[in-house]
Amino acid sequence: PPEKAVYGERMAEIKRQREVEEKKRKVEARERAAVIWKEAKPVGSHPYLSAKGVMAHGLREHGDFLVLRVTDGCVVHSLQFIDADGTKRFLPGGRKKGCYHSIGKPDEVLCICEGYATGSSIHEATGHAVAVAFDAGNLLPVAEALRTKYPDLKLILCADDDTQGDCT
């Protein structure tokens, strides 16, 4: 029992330290995201947008990358970068869960989808506001966050049909 108690205390201390470090990484990512976003330029033309046949809604360019804000609606927690061939990556250490990139202003309907090109296509075809959740695992957290923020809006989840494999 004494060894078990010491072990438990050690594990609790490691968990506390990990939480402190995680908070620090998230703060640093928010600060870095703000700097990069400020340095980024308006989007002219970009090969990814041309290949997908969509417009730049709330995007910027940083070097060769398109840049999307990863926000909870108030705070930009991170950024997503998309290169010319569609490779996507996030700013290290930033929060993604429950965060999204918004396209348009919510009115009566708000669509929630996985990726930017899908969200842009939905907005361009319907005129509805869209929250880009970045991936399937973030659809529910984003929907829950937006339901809290907009209790009276009709939320439509626009999930990808990935069951058939690559459709190209």
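Modeller: Rings of Phe, Tyr and Trp (its six-membered ring) pair if their centres lie within 6.5 Å; planes under 30 degrees apart count as stacked, over 60 as edge-to-face and the rest as tilted. By this rule, a search of the whole structure finds 2 aromatic pairs. The model is predicted, so local features need pLDDT of at least 70, side-chain atom pairs count only at pLDDT 80 or more, and totals for chains, interfaces and linings use all residues. Residues are numbered from 1 along each chain as its sequence is written, and side-chain values use heavy atoms, leaving out hydrogens and water.

Colleague: Why is the pair of F65 and F81 called edge-to-face?

Modeller: The centres are 6.1 Å apart and the planes stand at 80 degrees, which meets the limits of within 6.5 Å and over 60 degrees, so the name applies. F65 belongs to strand β3 and F81 to strand β4, 16 residues apart; strands are DSSP runs (E, at least two residues), numbered from the N terminus.

Colleague: What makes the charged end of R89 count as sitting over the ring of F81?

Modeller: The rule requires NZ of Lys or CZ of Arg within 6 Å of the ring centre and within 35 degrees of the ring normal. The charged end of R89 lies 4.6 Å from the centre of the F81 ring and also sits over the ring of F65, at 5.2 Å.

Terms used:
Helices (H or I, at least four residues) and strands (E, at least two) are DSSP runs, numbered from the N terminus.
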